[in-house]
Amino acid sequence: MPDKWEYPWYAAWDLAFHCVPFAIIDPAFAKEQLQLLTREWYMHPNGQLPASEVAFGDVTPPAHA
């Protein structure tokens with residue numbers, strides 16, 4: 001879990017990197033977490049994922065692929 005002082009916001013790309021080692025423990029849960037962020041109610045109509053809850057317009061690294 002990121003430190004709240006250094007990382008006070010949620011970052012979608014960070015979750016993608018955390019799911020890589022978590023897939024060793026529980027692959028179904030890791031897949032479910034990645035699919036959750038790619039649902040239509042979180043994505044922009046053009047397919048862009050929000051970078052963080054602070055700046056939705058920032059560009060995210062393509063980590064979810």
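Student: Where does His44 fall: buried, exposed or partly exposed?
Tutor: His44 counts as partly exposed, at 45% relative accessibility. Buried means under 20% relative accessible area, exposed means over 50%, and partly exposed is in between, with a 1.4 Å probe and protein chains only.

Student: What kind of model is this, and how are residues numbered?
Tutor: This is a predicted model, numbered from 1 along each chain as its sequence is written. Local features need pLDDT of at least 70, side-chain atom pairs count only at pLDDT 80 or more, totals for chains, interfaces and linings use all residues, and side-chain values use heavy atoms, with hydrogens and water left out.

Student: Back to His44. Where is it found?
Tutor: His44 sits in the segment after α2. Its C-alpha is separated by 9.6 Å from that of Gly57, 13 residues apart along the chain.

Student: How many helices and strands are there?
Tutor: The protein has 2 helices and 0 strands. These are DSSP runs numbered from the N terminus: helices are H or I with at least four residues, strands are E with at least two.

Student: What span does α1 reach?
Tutor: Helix α1 covers residues 12-25, 14 residues in all. From first C-alpha to last it reaches 20 Å, close to the 20 Å expected at 1.5 Å a residue. The expected span is 1.5 Å times one less than the number of residues.

Student: Where in α1 does the kink lie?
Tutor: At Cys19, shortly before the proline Pro21, with an angle of about 35°. The bend at a residue is the angle between axes fitted to the seven residues ending there and the seven starting there.

Student: Which residues of α1 are buried?
Tutor: Ala12, Leu15, Ala16 and Cys19. Their cover includes α2, residues 27-37.

Student: What makes up the largest nonpolar core?
Tutor: Ala12, Leu15, Cys19, Ala30 and Leu37, 5 residues in all. α1 and α2 each supply at least two residues of this core. The largest share, 3 residues, comes from α1. A nonpolar core is a set of buried Ala, Val, Leu, Ile, Met, Phe, Trp, Tyr and Cys residues joined through side-chain atoms within 4.5 Å.

Student: What does Gln33 touch?
Tutor: Gln33 touches Leu15 and Cys19, leaving out residues up to four places away in sequence. Contact means heavy atoms within 4.5 Å. Gln33 is placed in helix α2.

Student: Is Gln33 buried or exposed?
Tutor: Gln33 counts as buried, because its relative accessibility is 19%.

Student: New topic. How many aromatic pairs are there?
Tutor: The count is 1 aromatic pair. The rings of Phe22 and Phe29 have centres 5.3 Å apart and planes at 55°, so the pair is tilted. Rings of Phe, Tyr and Trp (its six-membered ring) pair if their centres lie within 6.5 Å; planes under 30 degrees apart are stacked, over 60 edge-to-face, the rest tilted.

Student: What is the relative accessibility of Phe22, and what is the relative accessible area of Phe29?
Tutor: Phe22 is at 34% and counts as partly exposed. Phe29 is partly exposed, at 36%.

Student: And Phe17, where does it lie?
Tutor: Phe17 lies in helix α1. At 45% relative accessibility, Phe17 counts as partly exposed. Phe17 and Ala63 are 46 residues apart in sequence but 7.1 Å apart in space, C-alpha to C-alpha.

Student: Overall, what percentage of the protein is buried?
Tutor: Buried residues make up 20% of the 65 residues. Of the contacts with a separation of 6 or more, 44% join residues 24 or more positions apart.
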